[in-house]
Amino acid sequence: MDEALNITIDPACLQDPPLAIDVIKQLDVFDFCLYLMLTFMACVSLLLYLEQCAYIYKNLPYPKKTTLMWISGAAPVIATMSCFGMWIPKAVMITDMTSNCYFAVVVYKVLVLMIEELGGTNDFLQRFSTETFRVNTGPCCCCCACLPRVHMSRRLLFFLKLGALQYAILKTVLSILSIVLWTNGNFDLSDLEITGTAIWINPFIGILTITSLWPVAIIFMNVNSHLRSINLVPKYAIYQLVLVLSQLQTSIINILALNGTIACAPPFSSQARGSMLSQQMMIMEMFILTLINQRLYRRTYDALPSEEAHDNNHNAKVALQTALVEHDV
């Protein structure tokens, strides 16, 4: 018992994240090579994204090209922000919130992309006006099989768009508020007291996230069969993977750091070391996803035929076959 009480804790384990110059001074040869390699990955991700933006801008029409630029930029933007957070640990709060705000916009843009690929709002409503949509999808109602199917209408589509858009707006507002409170010392992720601001803001952001993912999932589950020719399924899978890695993985690592599972390594405290590991993992993961995005988005597609054009083509084929049969007779 006395030995346990006499254990001393390194003061660095209780300090704030170190300055960038302190991080550089304590790097050995292996760490320096690792940092350079990760920085190179982040730079390549950003350069590939800029080159892809130039290609999309030249070869795709408006507004599809702006939507694709936003969506394909999720991985390289997160990789770039993670690189800044790796070199400047004190800026992790700002870099993480910048990445999260960008991805909040991407969630809305994914919904917009599916609608635009079907010709826009008017063509989308015309195509599905006579169909019913299933709404028992994740992450809210995947287990509610008893939910009835609903008819697609302009009003329903408006609420679906609003459900995804609210996250992009409120997430940005709450992130700015959190940074303002953090600079004043009122926002601390390790403060789990009921009087702390983080314990109120973060769960509310989690509710907003789930609320925004549900409309996107509803649209995807009901239209993905119409958009297989443009590789919608792998694009949606990449979007979901970025979501899991940037949100769930980071949250798990932060929880482990707060519990002391991730050991302190001066000059990094347990929480600062957890953030550093999270940034390094994110750079490698986003670099791989950026390479995959290059293959998925660097190509052009013909516009999908509308329902009216499809019916006209079908009627023309039937009429031609009838004429040929009569001619043969």
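## Exercises on a predicted helical chain

Read along the sequence, the chain runs α-α-α-α-α-α-α-β-β-α-α-α-α-α, which amounts to twelve helices and two strands, where helices (H or I, at least four residues) and strands (E, at least two) are DSSP runs numbered from the N terminus. The model is predicted, and local features need pLDDT of at least 70, side-chain atom pairs count only at pLDDT 80 or more, and totals for chains, interfaces and linings use all residues. Residues are numbered from 1 along each chain as its sequence is written, and side-chain values use heavy atoms, with hydrogens and water left out.

**Exercise 1.** Determine how helix α3 and helix α11 are oriented and which residues meet between them.

*Solution.* Begin with the axes, which are lines fitted to C-alpha atoms, for helices over the stretch in contact, with angles running from 0 to 180 degrees between N-to-C directions. Helix α3 (residues 29-59) and helix α11 (residues 270-297) pack at about 30°, and their axes are 9 Å apart. That makes α3 roughly parallel to α11, since angles under 35 degrees count as roughly parallel, over 145 as roughly antiparallel, 65 to 115 as roughly perpendicular and the rest as oblique.

Next, list the contacts, meaning heavy atoms within 4.5 Å: the α3 side includes L34, Y35, L48, E51 and Q52, while the α11 side includes M276, F287, Q294 and Y297. By class, this contact of α3 with α11 has 15 nonpolar, six polar and one charged residues, where Ala, Val, Leu, Ile, Met, Phe, Trp, Tyr, Cys and Pro count as nonpolar, Asp, Glu, Lys and Arg as charged, and the others, Gly among them, as polar.

Finally, look at one residue of α11, Q294, which, leaving aside its neighbours within four places in sequence, is in contact with L48, E51 and Q52. Q294 is buried, with a relative accessible area of 15%, because buried means under 20% relative accessible area, exposed over 50% and partly exposed in between (1.4 Å probe, protein chains only).

**Exercise 2.** Work out how α6 and α8 are oriented to each other.

*Solution.* The axes of α6 and helix α8 (residues 154-183) come within 10 Å and cross at roughly 170°. The two helices, α6 and α8, are therefore roughly antiparallel to each other. The residues of their contact divide into 18 nonpolar, four polar and two charged.

**Exercise 3.** Find the salt bridge of E117, and decide whether E117 and K64 are buried or exposed.

*Solution.* A salt bridge is a side-chain nitrogen of Lys or Arg within 4 Å of a carboxyl oxygen of Asp or Glu, and by this rule the count comes to one. The side chains of E117 and K64 form it, at 3.2 Å from N to O. The pair links distant parts of the chain, with E117 in helix α6 (residues 92-117) and K64 in helix α4 (residues 64-72), 53 residues apart. As for accessibility, E117 is buried at a relative accessible area of 7%, and K64 also counts as buried, at 14%.

**Exercise 4.** Identify the residues that a cis peptide bond joins, and say where P63 lies.

*Solution.* Y62 and P63 are joined by a cis peptide bond, with omega about 5°. Most peptide bonds are trans. On its position, P63 lies in the loop between α3 and α4.

**Exercise 5.** Describe the surroundings of M221.

*Solution.* M221 is found in helix α9 (residues 198-223) and is partly exposed, with a relative accessible area of 36%. Leaving aside its neighbours within four places in sequence, M221 is in contact with R134 and T137. M221 and V135 are 86 residues apart in sequence, with 8.7 Å between their C-alpha atoms.
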